[in-house]
Amino acid sequence: MSLLLPVQIILLVFVLFAASRAVLQFRGGTIRFGALSFWLLIWAVALLAIFYPEETTRIARILGIGRGVDIVVYSSIAILFYLVFRLHVYLENIRTEISQLIREVSLKQVKKGGKK
Amino acid sequence: MKTLIIVPAYNEAGVIATTLQDLRKTLREDEIQADILVVDDGSTDQTGSIALPHTTHLLTHGRNCGLGAALATGIEYAKRQSYDYCVTFDSDGQHDAHDIPKALAKLEFGYDVVIGSRFVGTHSGMPASRRVVLFLGNLITLLFFGIWTSDSQSGFRGLSKRAIQDIALKSNRMEVSSEFFGEIHRLGLKFSEIPIYIRYTAYSLGKGQKNSASASVLLKLLYMLTQ
């Protein structure tokens, strides 16, 4: 491998940092093994793209896209859209669960009014 | 028949007492035996304490969850207390309690869900922009849920025992109005409309569903379809 470019060093540090966060979240019990595997796979692919950019260009040409960097951008946007959707679903589920909790508490504390 | 009037309320301290007094007076005039349940949806004003002397029961959400969640709480209460019928009634004073006997008559006739429509009755003071938005809401309800209604966003509804038992609302906020039609479709409930009288005041227009919130409601409905 030839000498690393500055951008490769910056991206390498970022990827290692992000992967270490995923491992720490897994150890802390915040994410499950499936989620850890997903993120490690994403960052492993990112590492390959950083160190072997010519490979991304080869894959891009197979898919009919001109440059390797384009396929990285396109697939990143697609993954981001999907993750935002997953996050939205997750937040909606949490909101529903909070409402159910509040409902159960209120149903246990019925106040009799002044009128029958 | 055991009947419950569900009144969801959020920060209605200024009008809740008058709304409930009018409601009780009209129920007496029309000789309707019904309990009133106010669901205080986490109001930050005195809505709950002001409502308490004028209602049969009061449920209080510890936090504001939205109209859909408040209605679901009221329906769940009706289910657990084995009510035969329930009617949802707005707390801002825009509904007329004289319409309740008409809804109950339809329920006794065998309908499961009765919607009070503002477009087959008198609707004094409804702005043209709101009529357009409500018509679009009806089209979207038809598109998503396969049911045509003249007023998909009405807050006045009558529910039979079967509807009380089976309807399972998921949406927390304003999109609940359209979700009712999704449930009618999903459960194959017998549905009818009645004309209702609406009093549009500056207060009720300010409190009600804003035209600008329509896009948000549409997005929520799209999201619900992905579930």
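**Notebook: rings and a buried threonine**

I began with Trp148(B), which counts as partly exposed because its relative accessibility is 43%; buried means under 20% relative accessible area, exposed over 50%, and partly exposed in between, with a 1.4 Å probe and protein chains only. I noted that this is a predicted model, in which local features need pLDDT of at least 70 and side-chain atom pairs count only at pLDDT 80 or more, while totals for chains, interfaces and linings use all residues. Residues are numbered from 1 along each chain as its sequence is written, chains are lettered from A and ligands numbered from 1 in the order in which they are written, and side-chain values use heavy atoms, with hydrogens and water left out.

**Aromatic pairs**

I looked up ring pairs, where rings of Phe, Tyr and Trp (its six-membered ring) pair if their centres lie within 6.5 Å, and planes under 30 degrees apart count as stacked, over 60 as edge-to-face and the rest as tilted. By this rule I found ten aromatic pairs over all chains. In one of them, Trp39(A) and Trp43(A) have ring centres 6.2 Å apart and planes at 25 degrees, so the pair is stacked. Both residues lie in helix α2 (residues 33-51) of chain A, four residues apart, about one turn of the helix; helices (H or I, at least four residues) and strands (E, at least two) are DSSP runs, numbered from the N terminus. I recorded Trp39(A) as partly exposed at 30% relative accessibility, and Trp43(A) as buried at 17%.

I then turned to Phe135(B) and Trp148(B), whose pair is edge-to-face, with 6.1 Å centre to centre and 70 degrees between the planes. This pair links distant parts of the chain, 13 residues apart, with Phe135(B) in helix α5 (residues 128-145) of chain B and Trp148(B) in the loop between α5 and β7 (157-159). Phe135(B) is partly exposed, with a relative accessible area of 43%.

**Thr47(B)**

Is Thr47(B) buried or exposed? I found that Thr47(B), in helix α2 (residues 47-51) of chain B, counts as buried at 0% relative accessibility. I checked polar contacts, which are pairs of N or O atoms within 3.5 Å; within protein, one must be able to donate a hydrogen and the other to accept it, and residues adjacent in sequence count only if both atoms are side-chain atoms. The side chain of Thr47(B) reaches the backbone nitrogen of Glu12(B) at 2.8 Å, and a polar contact of 2.5 Å joins the side chains of Thr47(B) and Asp45(B).
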